[in-house]
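Colleague: I am new to this structure and would like to learn how to read it. Could we start with a sheet and then turn to the chains?

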Amino acid sequence: MNKMIMTGAIAAVLLILSAIAAPLFTSYDYKTQDISIRLSSPDTKHIFGTDELGRDVFSRMLYGARISMTVGIIAVLISALIGILLGSVAGYFGGLIDNIIMRFVDIMLTIPTLFLILMLIVFLGPSIINVMIIIGLTSWTDIARLIRAEVMSVKKLAYVDAAKLIGLRKRTIIFKHIMPNILGPIFVYMTFGISGAILTESGLSFLGLGVQPPYPSWGNILTAGKDYIHTAWWMVFYPGLAIFIAVFSYNILGEGLRDYFNPRLKKENK
Amino acid sequence: MSVIEIKALSVDYKLGQKQLLHALKSVNLAIGAGEALAIVGESGCGKSTLASSLVNLLALNSISSGTVLIDNKNILEMTNKELESVRGVKAGTIFQDPAASLNPVFSVKEQIEETIMAHLKIKDKLKLKEMAIKLLEETGIKEAQRVYESYPHQLSGGQQQRVMIAIALSCSPKILIADEPTTALDVTVQAQIIELLKRLKKERNLSLILITHDLHLALDLCKRVIVMYAGEIVEDTIMQNKEASAHPYTRALFEIIPDINENKREFAVIPGEVPDLKMVMNECYFKNRCHKVGEKCGKAHPEMVNGVRCFYPYTKERVKS
Amino acid sequence: MLKVINLKKVFTNEKMFGKGKTEVIAVAGVSFEVKDGTIMAIVGESGSGKTTIARCLAGIEIPDEGEIIFNNEPLMFDTKEKRAAVQYVFQDTFGSLNPRMKIGDIIAEPIGFHFNKTGNELRLGVIACLESVGLKTEIENKYPHELSGGQRQRVVIARALAMRPSLLIADEPVSSLDVSVQAQILSLFQKLNKENKISIVFITHDLRLVKSLADDIIVLKDGKIEEQGSVENVFCKPKSAYTKLLLSSIPGNPQK
């Protein structure tokens, strides 16, 4: 396995583990306020310092990781589910069904995504669940088109004809023969999607429309920190660094996966 | 005086970390002016590697040794700049799939004239057009003006190949290397292209090197045939038919190509498979599949003697008796 | 055993809003018969329609007009038995094998589906199938890209044979293979025809193979039959100018 995949995978796994095992790494929880030590710089007790309400930034980062990553992963799963379903149906059946689905995709694409997200959040109210669902509902168009193209090209391949010659049912053909061969791009999309979702969530939180207090997310820690950049740099630095590392490692993982799935198929050709 | 002289050419391809694929093993070959020769062999025999080394287009993971002399200069030691004066000028090449070798976004006009401008440094537009149309007509294209202005995808396979030949000959090279030029074409078009090559060879006194897997095609065009197997030349003779061949592999190749004049019969087969090119053996590489295998074949590696690499070759006297 | 009557197939490329369709008449009314236990060669150049006819016979393509009668019934694949009876050998060995499946699984799929075998019985069936085309059993754990061209072609044939067809349609099965491998595969086809009594429709552009392999021949040009008959007759006394042109184009043919 190539180095990119390894690096990205290790970093991503570490992030997820630290999020899941948050209570193991810190004795503080994300809510406890202690105004007396507000905005104190990093020391042995609070290794990332404290925020404006005296909460331990490190703990908030770890619990925030849970939230940021969950939002990222769930949002991507939702968009992947919608996109793969619509894309496969459009690609496999073609004709009118394909036309209808693709025109729907075109309409979705004409609306600026961020604008749509903001509108929906304002309408439905900001909350962790809403954020996840809304990001998921608005970012499936890329994967839908990608899957459609993949299904269309795989459908023409001779081994799909060969499956028809055996007499297998359409359902078997789609799931046993077509799906596994388009998994590659799906994995790649998902890793890029996670980092995109994390960034979007951070952006929403920055605007005050994402995860609401007292729940921490990297975005809202950053938001709170923007007023104290000169006095409490740790409130901006650490979440920023975390977002950077998360996005970077998922992207690297995605690129590594993309290279892994593509040239291998080409190298196999004699 | 040989136009091309290849001495002890060996080419290995690096596979991964440690393994080497021995594609060509110490090949010796001399080709004279105006000579037509065919290099015949199956996949893995090294004929494509040999063709690539003639114009030094070997893959990046290759290691070569030996010399390839064209007009007494070693191609393998030339810089890219020096090679520019060889490729297209001394030796023109045509490849198997003309659709893949012609750039789809440039018209025929641009592709022929680009070659002429680059090598012959002619810039006058009228002269370029004149030369281009003349070349297209020479290769038997009937509507030269129309083809001149067309794009590759608007032409038939046969026309595309003729355009390739025109480009290859545009700078009047003395050598023409044709690597499986007809494999991708229909049978009737194939026959036309072969006739064209015959005519061009004669008119321009070219040294023609035809690389093919089709023995009959080779004999149609050339008298001298070189048979390759497992990275070596196993036979280098002037032959017209099966009886003139000496190496058991050549004979076997003749046997397995169905003869159109015989009636329905069992298909003859060469048993076994091509040997692993990663291994260097001190025996004959054809030993395991040879119908004439004898004692000496497993004990030493045969050298080329009288144009055959075999311990027990066929001879014309034997056939007669 | 097989009767084709006035087969027609047209391919249309529709433009987005229906303005202007380009029609390609792939097959323009073709009729012929294949007798039980014989090998029929369909010969033509590119664009002649031979692959389209092959695909119609195998049911991968549906003809627009005409009838195909197989064993005295209109050709249909509504039951497992009927589907198994007519099988197809692809030209593209690499594309017709699912790159993510092991060879053993590729062969097991049709056997399991048609004969309801499982477990050890299934595996024995796979081994028998591989051996019948001259492949060693070690191959069952390999993936298509690990095999040579000749081995892949044998796998494609084995998969078709696994369903015990009585009619095999082979579309240029040896065109991309080396001569020595070609000979082995052609020899295999001869064996299947003689010993297993399988009728074969063999599509090719190489007339040299036809003479030694087939009983009857059809020469196609632009979707129509130029000439048909027994191989002996057509080769010795060709009637159509196109057939004569094809025969004279064969490299090394002294008939030139």
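Modeller: This is a predicted model. In chain C, six strands form an open sheet with mixed pairing, in the order β6-β7-β8-β3-β9-β10.

Colleague: Which strands are the edge strands?

Modeller: An edge strand pairs on one side only. Here these are β6 (86–89) and β10 (224–230) of chain C. From one strand to the next, the twist averages 15°.

Colleague: In which sense do β7 and β8 of chain C pair?

Modeller: Strand β7 (residues 167–171) and strand β8 (residues 199–204) of chain C are parallel, with five bridges between them. To find a place in that pairing, look at Leu168(C), which has Ile200(C) of β8(C) opposite.

Colleague: Now the chains. Which two chains have the most contacts between them?

Modeller: Contacts count as residue pairs whose C-beta atoms lie within 7 Å. Two pairs of chains touch, and chains B and C have the most contacts. There, 25 residues of chain B meet 23 residues of chain C. On the chain B side, α8 (187–204), α9 (215–221) and α10 (248–256) each give two or more residues. By class, that side has 13 nonpolar, five polar and seven charged residues.

Colleague: How far apart are the nearest C-alpha atoms of chain A and chain B?

Modeller: They are 11 Å apart, and chain A and chain B do not touch.

Definitions and conventions. Residues numbered from 1 in each chain as written. Chains lettered and ligands numbered in written order. Predicted model: local features only at pLDDT ≥ 70, side-chain atom pairs only at ≥ 80, totals over all residues. Helix = DSSP H or I, 4+ residues; strand = E, 2+ residues; numbered from the N terminus. Nonpolar A, V, L, I, M, F, W, Y, C, P; charged D, E, K, R; others polar. Pairing = 2+ DSSP bridges. Axes fitted to C-alpha atoms, helices over the stretch in contact; angles between N-to-C directions.
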